[in-house]
Amino acid sequence: MTKRLNSRYKKNRSLGVNLWGRPKSPINKRASRPGQHGAAPKKLTEYALQLQAKQKVRFYYSNLTERQFSSVYKTAHRRKGDTIALMVHSLETRLDVVVYRMKWAVTMQAARQLVNHGHILVNGKRVNISSYRVSLDDVVALRERSRNIPPVQMACELEERDVPSYIEVDDKKRHGKILRLPDVEEVPYPVHFDYRLVVEYYSR
């Protein structure tokens with residue numbers, strides 16, 4: 001197992017959940033916390049619960065930096081409307097997340113790599129910024145020469161998750177778009193994310 005996978009799966013164990021829903025995650029067989037003997041479970045304080053909830057979401061979305069994630073909250077908080085829904089809309093319209101939802105990458109981290117390496121087009125133009133915000137009218141596509149690379153083929157054949165209903169994908173032409181902004185309950189999270197605690201953490 002590579003150091004990168006080890007680090008990723010260590011986050012699963014430290015948080016006590018299979019964060020990305022992968023069948024190969026060691027937490028499926030061993031739920032103890034990282035360490036030689038595993039840390040003993042203890043009752044978490046209110047602050048610790050809020051911090052843990054925030055870390056779950058931050059790590060899930062390709063391990064966003066604290067600065068990036070807090071910016072998502074601050075922007076949503078300043079706008080009119082439900083802060084939680086606005087946060088989810090902001091996260092789910094990131095280009096790397098859209099690529100992951102379209103099943104062109106096995107993991108969120110692999111989706112970010114696809115974008116960063118210039119494999120993705122938005123409205124016919126190459127975009128290599130993973131945090132790029134995709135609009136409802138934007139057509140996201142794989143570059144023609146990137147459509148048959150092994151990681152993409154593997155992701156497209158993956159049966160452990162489906163393309164969500166708020167995204168449309170043409171499997172033959174390898175392009176798609178966001179049909180509408182999703183309700184929080186529609187996002188196919190493999191574990192429960194308590195955004196209420198995330199908002200409480202940042203509004204302290």
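Select helix 4 (83-92): nine of its 10 residues are buried, so this helix is largely enclosed by the rest of the structure. Buried means under 20% relative accessible area (1.4 Å probe, protein chains only), and helices (H or I, at least four residues) and strands (E, at least two) are DSSP runs, numbered from the N terminus. The buried residues are T83, A85, L86, M87, V88, H89, S90, L91 and E92. Their cover includes helix 2, helix 3, helix 5, strand 5 (175-178) and helix 8.

The model is predicted, and local features need pLDDT of at least 70, side-chain atom pairs count only at pLDDT 80 or more, while totals for chains, interfaces and linings use all residues. Residues are numbered from 1 along each chain as its sequence is written, and side-chain values use heavy atoms, with hydrogens and water left out.

Next, display the largest nonpolar core, which has 47 residues; such a core is a set of buried Ala, Val, Leu, Ile, Met, Phe, Trp, Tyr and Cys residues joined through side-chain atoms within 4.5 Å. Y61, M87, L95 and Y195 have the most contacts inside this core. Its largest share, six residues, comes from helix 8.

Then centre on Y61. Beyond neighbours within four places in sequence, Y61 is in contact (heavy atoms within 4.5 Å) with residues including L91, E92, V97 and Y195.

Finally, select helix 2 (46-60) and helix 8 (195-202). The crossing of these two helices is left-handed, the near helix being turned anticlockwise from the far one by less than a right angle. Residues in the contact include L49 and V57 of helix 2 and V198 and Y201 of helix 8.

Conventions: Buried < 20%, exposed > 50% of the residue type's maximum accessible area, 1.4 Å probe, protein only.
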